[in-house]
Amino acid sequence: MNILSLFVIIPALMLLGLWLAKNLNQVRGVMVAGASCLLALSVWLTIYFIQQRSAGNTDVMLLTASIPWFKPLNIAYSVGVDGISVVMLLLSSIIVFTGTFASWQLKPMTKEYFLWFTLLSTGVYGFFICTDMFTMFMFYEVALIPMYLLIGVWGSGNKEYAAMKLTLMLMGGSALLILGILGIYYYSGATTMNVNAIAAMHNIPVETQKVFFPFIFIGFGVLGALFPFHTWSPDGHASAPTAVSMLHAGVLMKLGGYGCFRVAMYLLPDAANELAWIFLILTTISVVYGAFSACVQTDLKYINAYSSVSHCGLVLFALLMMTKTSCTGAILQMLSHGLMTALFFALIGMIYGRTHTRDIRYLDGLMKIMPFLAVGYVVAGLANLGLPGFSGFIAEMTIFVGSFENADQFHRIATIIACTSIVVTAVYILRVVGKILYGEVKNKHYLELTDATWDERVAVICLIACVAGLGLFPLWASNVISDAVGPILANII
């Protein structure tokens, strides 16, 4: 058995264990055991991958395997990982582990909640290990479908509307995806749906590529908050329960950028080069629009949701710049933003659970009442605005330096415009931190509130350690990602 299959088998065993669990303690035990195993497995995989590269193993994909599944369409269960997949699996396991502790006190129907949460994470893991287009699409759908129930049942606010809007828009993107995938398969003349095998053939006519490239890029781009298909994101984030927001913004949105790079640009390189300028304009709008929209929000979740639109826009923006540095920065941004936004949503959920409001107009003086959560929020804010020493600085600097490597005026003007988001981000982050954390406590009922519990501290400390660790020691991640970006980019340009 290929060891990568454990990323699907362990969640499947977790689903069985949750189904058989008789009480809350057993449910929690299954989740902690499973999430810990997945985290340990992803850490081992990362170390193994680094060791293989250090030993001179130059294979593009490692731990590859393929089992025929549906021969009439040449569909196979094909797995393999490169540096991009490895860091995405590591990110996913960190978010699932910390999300488990962030949901420790969730009620009611805790068992059912964790069943759907685990099914969602199964889809995420399967998507990142698969190299067969159809199998990737299948796991992509497995990751999307549970979102409707997780938001519609366990969410807050206008949750039914948010869940339906999210589902309809993402399913619309999926419809475009399946058309694009079938178009690539039939017009490539391939006898396989393996992404790397189709890319090596490079025989899809340019005009055909230009037809199907928008299908794939927009299909994945909807999940990556591509303007103007981003409107599901703020409502979905605002209504989702804490751990679902963490997994949704931290990992699920990264499937969009990953798919755009791995499928759309890699398999349709000629169309990517010809049509990139159109999507570059849209992603530049996403970056700036998301930052300015965050400035005018008063709900903490909406602020972070629009911030995610901006930061995920940077991912697609950097990929479309098509330099090795910018694409490496894009994957670093996926990793960095996943950790930062998960930390943000965890802290917002913990604050909301105590104050029962996310409106910054009614929050003040929290530093005196809950110093641990307040300090965590400051750290998350500083990382988000790109303070040196945190992961956000490394990712954004790599993106902007790589983007400016393009010598033509169009790309450099787009880069300068996108850079303005840094200033705007600083404005809304510092505004919120100053408003809700400092000053006098006007609501005297807040004085009775408690600080973080042990389970909440586990989640927050783990995420802060990861954000700071990546910021202080980024070279390992940068090297792993860069080695994987090179072969893909060579096929594109």
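The following dialogue explains how to read several features of this predicted model.

Reader: How many helices and strands does the protein have?

Author: Helices (H or I, at least four residues) and strands (E, at least two) are DSSP runs, numbered from the N terminus. Here the protein has 21 helices and 2 strands. Its radius of gyration is 21 Å, close to the 23 Å that the globule rule gives for 493 residues, so the protein is as compact as a globular protein of that length. The radius is taken over C-alpha atoms, and the rule is 2.2 Å times the number of residues to the power 0.38. Along the principal axes, the C-alpha atoms fill a box of roughly 70 × 60 × 45 Å.

Reader: What share of the residues is buried?

Author: Buried means under 20% relative accessible area, exposed over 50%, and partly exposed in between (1.4 Å probe, protein chains only). In this protein, buried residues make up 62% of the 493 residues. The accessible surface comes to about 17400 Å², of which 69% belongs to carbon and sulfur atoms; such areas come from the Shrake-Rupley method with a 1.4 Å probe, and for residues only the protein chains shown count as cover.

Reader: What share of the contacts joins residues 24 or more positions apart?

Author: A contact means heavy atoms within 4.5 Å. Among the contacts with a separation of 6 or more, 81% are between residues 24 or more positions apart.

Reader: How is the span of helix H4 to be read?

Author: The expected span of a helix is 1.5 Å times one less than its number of residues. Helix H4 (residues 110-129) has 20 residues and reaches 29 Å from its first C-alpha to its last, close to the expected 28 Å. Because 15 of its 20 residues are buried, H4 is largely enclosed by the rest of the structure.

Reader: Which residues of helix H6 are buried, and what covers them?

Author: In H6 (residues 146-154), the buried residues are Pro146, Met147, Leu150, Ile151, Gly152 and Trp154. Their cover includes H4, helix H5 (133-144), helix H7 (159-188), helix H10 (232-239) and helix H11 (242-252).

Reader: Where are cis peptide bonds found?

Author: The angle to read is omega. Lys107 and Pro108 are joined by a cis bond with omega of about 0 degrees, and Pro108 lies in the loop between helix H3 (83-102) and H4. The bond from Phe227 to Pro228 is also cis, with omega near 0 degrees; Pro228 belongs to the loop between helix H9 (206-223) and H10.

Reader: Which residues have a positive phi although they are not glycines?

Author: Asn74 has a phi of about 55 degrees. Its place is the loop between strand S1 (62-70) and strand S2 (75-81), and it is partly exposed at 27% relative accessible area. His202 has a phi of about 50 degrees and sits in the loop between helix H8 (195-201) and H9. At 42% relative accessibility, His202 is partly exposed.

Reader: What does Leu73 touch?

Author: Leu73 is in the loop between S1 and S2 and is partly exposed, with a relative accessible area of 26%. Not counting residues up to four places away in sequence, Leu73 touches Tyr185, Tyr186 and Met193. Leu73 and Pro146 are 73 residues apart in sequence and 27 Å apart in space, C-alpha to C-alpha.

Reader: Are Thr341 and Ser391 buried or exposed?

Author: Thr341, in helix H15 (residues 324-355), is buried at 2% relative accessibility. Apart from residues up to four places away in sequence, Thr341 touches Ala249, Gly250, Asn304 and Ser308. Ser391, in helix H18 (residues 391-403), is buried at 1%. Leaving aside neighbours within four places in sequence, Ser391 is in contact with Ser336, Met340, Val467, Leu470 and Gly471.

Note on methods:
Residues numbered from 1 in each chain as written. Predicted model: local features only at pLDDT ≥ 70, side-chain atom pairs only at ≥ 80, totals over all residues. Heavy atoms only, no water.
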